[in-house]
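Look over the sequence and the model, then read the points by topic.

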Amino acid sequence: MEALALPNPSELSPHLLGFLDHRLGTLEDLLTAPNLAVELSKSCSDLDADLAALHRNLKTLIVSWTRRSIAAKTAVLRLNYRLQNLGVLASLSDVVLGQDLPRLSRELLRVEAVRGYAETALRLEALIGDLEDVIFSENVAGTVKQERVIGAVKIVADIDLVLANVAEFHPRWRRLLNSVDDRVEKALSVLRTRVVANHRTLLSSLGWPPKLSVSKIENGGVSAIPNPLMLMRGEKRESYSQSFVALCALQHVREKRRHSDDLGFKAKLWAIDELVSPIASRSEYHFSKWVDQPEFIFALVRKITSDFAVGVEEVLQPLIDEARLVGCSAKEAWVSAMVQMLSGFLGHRVFSVLAQRYKEKEKKLEVGSSWLHLIDLIVAFNKQMQSLVNSESYLLASELDRFEGFSGGLSVLSIVCDRLDWLNIWAKIELRDAWKKLKAELKDDRAWLVESKKGVDVLTNKETERFLLSTREDHRAPVIAESALKMAWEMIDRGQTLPAILPRIQFIRSTAARFLWYFLNVLLLRWKGTDLSPENPDDETLMRACGLINAAGYCEFKLQQWSDDVNFLEMKMAETESKNPVKDNTNDHSCFFDEEIKSLDELETNWLMEIVANLLRQFELLSWEYMENLKHFDQEQNRFCPTTTSAAMDLAISHDLIEALDALRSQLLVIERSLNTRDFLDLWRSIAEGLDHFIFSSIFGIDIRFSEEGVNQIGADMRALFSVFQPFCARPEAFFPCIRDSLRLLEMDKGGVKYLQAVLSSDENRIKCLRSCGISHVSFDQVEKILRNRKF
């Protein structure tokens, strides 16, 4: 039997020699030669079948095009023949042209469309064939080189340009678009699998992941973790760089195909995920031991993230820039991947267990404590990670007093946003804990003390500054109001670390907003327990009532201040849009805490009016005898008592009015020391307005005649009333307009009275005349009555 002669190696192509060296490098490989032959035969058969199918498809398209072309040619010949016989068929020319030219035009357009479709299909088929050849040849060779991946990426880019043109100018070719897109995606999936597998092998050869030393972490110490990325040298560094760039380029083309409108690269980096994935596998063992001590879990993740952040940025950022991933940060991608690794473990191994145990009634307190401790660790960890991304050193995290607007990738709390049942559990635990703390403080009576103002304010050039209230001391609110607002803000601050805005809104509504309604109810119940009675005036009761008004006013001020913050404005807009996505909400001017602010303002106003009504009623009771003995104003002999209410008021006033004025003065001073300046301004002005109306209707509005001595007496009594309000304004009589006008009328001489009566009876220039006399708040009838009752 004649032996078969082997071909001369020099006659073989370099590609074939490389293939043989790879697959038949050892004697053991020769044993697999039959299997290799079968594999090659099958590959050749598949290629022959694909080629035959391509030929059949091409023939079909050519036949279709030829048929269309012959039909068009026939139509053109027919038209040419008819044009040559135009003289004979002159009478029928209009009909011929009217019928054949539109049909010919449509036929030509149809042929052109078929030709364009065939050319596009053939071009796409050729490009896809080149892409599959690249991937298939790599699959046979068993290795993936950077130039091959870059070549495949360029082919995909060319395919996408053709598809974009088709989508813009030929939207009816949807089947062609879908068919090509499916084949490209399948090819890219195969290529990604090969590239990722080779990348993992390369990482393993570099010693990744590094060994994790956790003994010092458990003992509260810190040990540095060596970074293999910083130790790469020479050929290893070059190989890793090429593999990293190839993986980034492949991801870039995939993301660009899916999000063609994005200007920047916003997806997670596959290459960074390949760094984190083995770390997660190695860390899970330690995490499982520390489920009941989560602070160790956060310490280890924080240590790994910070130790490798510098190396990741220095080594990988240039490679990312080389791959042209616009807007992609290596450090941020690294931190985000580590955060999501931690989130995955906490979600599956910690939060899920706590949520299940929370359903058991006897374990709710224990679960609540563990849950809040875990949230505290997460909030602190989130701030440290954000600081690590935004600064050169994570140690600056301690300088962050407030953190808002975490992106989803940089917040562990993203797992809570995805599970609204966990969000509800967290909200219930936070609300219960805050309410428990508030009830403990409510038991201390000192929490309701109001810091009374010492003495009476002296009028200065900066009078308006007294009414610009900002701090709790300015509002004279009790300490409990500050404590309640602090508890509410702590819940808001923790809720603001949620990366998604709608879960953030839901959490704040379920915790801080509901807690504020609880505190509002506490204020309301305490007010109901305040016995404001005109029969039994009590300074302590007045101070207690003022404290509640101050608390409501301070809470209203702080809620308005919070609502004006840009974060709450954004949340209010998002909340409104989520409730009314179709309705135009541009005219909605309500704020985030609009309902709470309105309720507090209503309580504050109602309570102020209740104090005003109480003081007016008390004045009415104490001045009853004075109002019953008004006839003495008609007597010629004055019956005044030379008693004075104070050294500052050396006026002879009626004895029956002294007690009412002294009680009013003392209670106004008590309120002035206890109530905030803005509300006290409204209060004493309201009281003055009420007294003005009461006294005018009780004295000057009835038929009581006034003698000369009576006018002097009523003047002294009213000026004594004005002096009660002297500490609060420079001209108190301005706030008693009806009484002031009445006194002016009574103090006119006889000639002036007669002249004014004549003017009023003539109906000419009455208003102008009254204005010239300083009378503007008393009606014509009342003026006539007062003048008529003046006795000379």
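**Cysteines**

The structure holds zero disulfides. This is a predicted model, so that count rests on a definition: a disulfide needs a pair of cysteine sulfur atoms within 2.5 Å.

- Cys-555 has a relative accessible area of 3%. Cys-555 is therefore buried, as the cut-off is under 20%.
- Cys-729 counts as buried too, because its relative accessibility is 9%.

**Confidence**

- The mean pLDDT of the protein is 82. A value of 70 or more is reached by 81% of the residues.
- Which element has the highest mean pLDDT? Helix H18, residues 501-528, does, at 96.
- The lowest mean pLDDT among the elements is 64, in helix H7 (residues 215-218).
- Residues 392-406 stay under 50 in pLDDT. The model has 30 contacts beyond four places in sequence for residues 392-406.
- Residues 455-462 also stay under 50. For this stretch the model has nine contacts beyond four places in sequence.

**Nonpolar core**

- How many residues make up the largest nonpolar core? The count is 217.
- Helix H12 (residues 330-358) gives the most to this core, with 16 residues.
- The residues with the most contacts inside the core are Leu-316, Trp-334, Leu-346, Trp-371, Leu-668 and Phe-725.
- Trp-371, one of these, touches Phe-351, Leu-354 and Ala-355, among others.

**Two serines**

- Where is Ser-510? Ser-510 sits in helix H18, the element with the highest mean pLDDT.
- Is Ser-510 buried or exposed? Ser-510 is buried, because its relative accessible area of 18% falls under the 20% cut-off.
- Ser-510 touches Ala-427 and Leu-431, with residues up to four places away in sequence not counted.
- Ser-707 lies in the loop between helix H24 (677-700) and helix H25 (708-724).
- Ser-707 has 0% relative accessibility, so Ser-707 counts as buried.
- What lies 3.1 Å from a polar atom of the Ser-707 side chain? The backbone nitrogen of Gly-710 does.

Note on methods
Residues are numbered from 1 along each chain as its sequence is written. This is a predicted model: local features need pLDDT of at least 70, side-chain atom pairs count only at pLDDT 80 or more; totals for chains, interfaces and linings use all residues. Side-chain values use heavy atoms; hydrogens and water are left out. pLDDT is the predictor's confidence in each residue, from 0 to 100. Helices (H or I, at least four residues) and strands (E, at least two) are DSSP runs, numbered from the N terminus. Contact means heavy atoms within 4.5 Å. Buried means under 20% relative accessible area, exposed over 50%, partly exposed in between (1.4 Å probe, protein chains only). A polar contact is a pair of N or O atoms within 3.5 Å; within protein, one must be able to donate a hydrogen and the other to accept it, and residues adjacent in sequence count only if both atoms are side-chain atoms. A nonpolar core is a set of buried Ala, Val, Leu, Ile, Met, Phe, Trp, Tyr and Cys residues joined through side-chain atoms within 4.5 Å.
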